[in-house]
Amino acid sequence: MTASANTSESVLVFAFQDLEDAREDFRQAEFKDAARVLGRFLLPLDREPLAGFLASLLPPVDLDAWLKRASESAGSFAGSAELDWPHDRAERVALQLAVSRALASKKLDFLNFVHHHFHVGTSLSAHVFVFNQKILVPFIRDLRRLTELRRVTSVLMQAMGKLPTSGDAILDNLLQDASNRFRDPAPAARRDAVEKLWDGWERLKTLDAAGNKSASVQVLLNTAAEPGSTFRTLLETEARALTDIGNSFHIRHFETNKAPVPSPEHVDYLFHRLYALVNLLITARAGQLLDKR
């Protein structure tokens, strides 16, 4: 089953499988091939969906300064330049990644790095084993934890996936798909969630008044607030603003004159904003439909 077939499964699942496969290749590599095989380990990290996730999450780090502090604390024995890993998980992952990149590009010498920072014998294969255990295994573990720690606000989480049925299967599927994708920690998946949600919003606006969108929107808003009331005016203003946002940004349309949504935080904001309106309108509409039975 593919990730797209099971929308409750993170799109990062297969990226992590690629990482584990590359790590196993590294573990079994000959010492002379260590840097090259380490470069293969980095490939999934430079592609979506992990590339976007890392760019949105990891802080900048100064690898040279960090290594210098370790060297200054070292004694005269091999492996005595102990690496002081940060307590913050995101910063630690950033340094683990920076070390791996520096070694793969041969900015750092693999033999000297392992010999200098870890207690390891003279066996070259032991250097590969130790780097795998001390750097790559913790890196994948910490990266997994970071993907699990992304929180969705409790109010939104309670509402997501629990909308009343709209009576339109296509709309219900769009909204369920949007909710599933938004739970995913990968920024690319959350961008897809916003697109699905906006598609659902456009379809919702056609369900009443025999598909006349303008008239249907008025009927929809009237189910959620008393016509002529201040709150009804607020809802109409919000509905127009969200429609304009969908037409102005790279959400449903991708022409060159459309602006991109700059960051994952902005994507999250737009999802929250539209989902709140859709949740209100569908709940109100479902209640009115029940009243007519």
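Figure 1. Leu 234 is partly exposed, with a relative accessible area of 48%. The value falls between the cut-offs of 20% and 50%, so the residue is neither buried nor exposed. The model shown here and in the other views is predicted. Leu 234 belongs to helix H12, which covers residues 230-248. Together with Phe 231 and Leu 280, Leu 234 makes a nonpolar surface patch of about 270 Å².

Figure 2. Glu 236 and Arg 232 are joined by a side-chain salt bridge, with an N to O distance of 2.7 Å. Both residues sit in helix H12. They are four residues apart, about one turn of the helix. Glu 236 is buried, and Arg 232 is buried as well.

**Figure 3. A salt-bridge network.** Arg 89, Arg 92, Arg 141 and Asp 142 form one network. Salt bridges that share partners join these residues. Across the whole structure, a search finds 23 salt bridges.

**Figure 4. Salt bridges of two lysines.** Side chains of opposite charge can pair when their charged atoms come close. Lys 205 pairs with Glu 202 in a salt bridge, and their closest N and O atoms are 3.0 Å apart. Lys 205 and Glu 202 are both buried. Lys 32 forms a salt bridge with Asp 33, at 3.4 Å from N to O. Is Lys 32 buried or exposed? With a relative accessibility of 69%, Lys 32 is exposed, because the cut-off for that class is over 50%.

**Figure 5. The ring pair of Phe 26 and Phe 110.** A pair of aromatic rings is described by the distance of the centres and the angle of the planes. The whole structure holds 10 aromatic pairs. In the pair of Phe 26 and Phe 110, the ring centres are 6.1 Å apart and the planes meet at 65°, so the arrangement is edge-to-face. Which parts of the chain does the pair tie together? Phe 26 lies in helix H1 (residues 13-27) and Phe 110 in helix H6 (residues 110-117), so the pair ties together parts that are 84 residues apart in sequence. Phe 26 has a relative accessible area of 0% and is buried. Phe 110 is also buried, at 7%.

**Figure 6. The ring pair of Phe 113 and Phe 131.** The ring centres of Phe 113 and Phe 131 lie 6.4 Å apart, with the planes at 70°; this pair is therefore edge-to-face. Phe 113 is in helix H6, while Phe 131 is in helix H7 (residues 124-148). The pair links distant parts of the chain, 18 residues apart. Phe 113 and Phe 131 are both buried.

**Figure 7. The phenylalanine cluster.** Which residues do ring pairs link into a cluster? The members are Phe 26, Phe 31, Phe 110, Phe 113, Phe 118 and Phe 131.

**Figure 8. Gly 52 and Ser 263.** Gly 52 lies in helix H3, made of residues 50-57. Its relative accessibility is 17%, under the cut-off of 20%, so Gly 52 counts as buried. How far apart are the C-alpha atoms of Gly 52 and Ser 263? They are separated by 9.9 Å, although the two residues are 211 residues apart along the chain.

Terms used. Residues are numbered from 1 along each chain as its sequence is written. This is a predicted model: local features need pLDDT of at least 70, side-chain atom pairs count only at pLDDT 80 or more; totals for chains, interfaces and linings use all residues. Side-chain values use heavy atoms; hydrogens and water are left out. Patches are made of residues with over 30% relative accessible area and no salt bridge: like charges are joined within 9 Å, nonpolar side chains (Val, Leu, Ile, Met, Phe, Trp, Tyr) within 5 Å. Accessible areas come from the Shrake-Rupley method with a 1.4 Å probe; for residues, only the protein chains shown count as cover. A salt bridge is a side-chain nitrogen of Lys or Arg within 4 Å of a carboxyl oxygen of Asp or Glu. Helices (H or I, at least four residues) and strands (E, at least two) are DSSP runs, numbered from the N terminus. Buried means under 20% relative accessible area, exposed over 50%, partly exposed in between (1.4 Å probe, protein chains only). Rings of Phe, Tyr and Trp (its six-membered ring) pair if their centres lie within 6.5 Å; planes under 30 degrees apart count as stacked, over 60 as edge-to-face and the rest as tilted.
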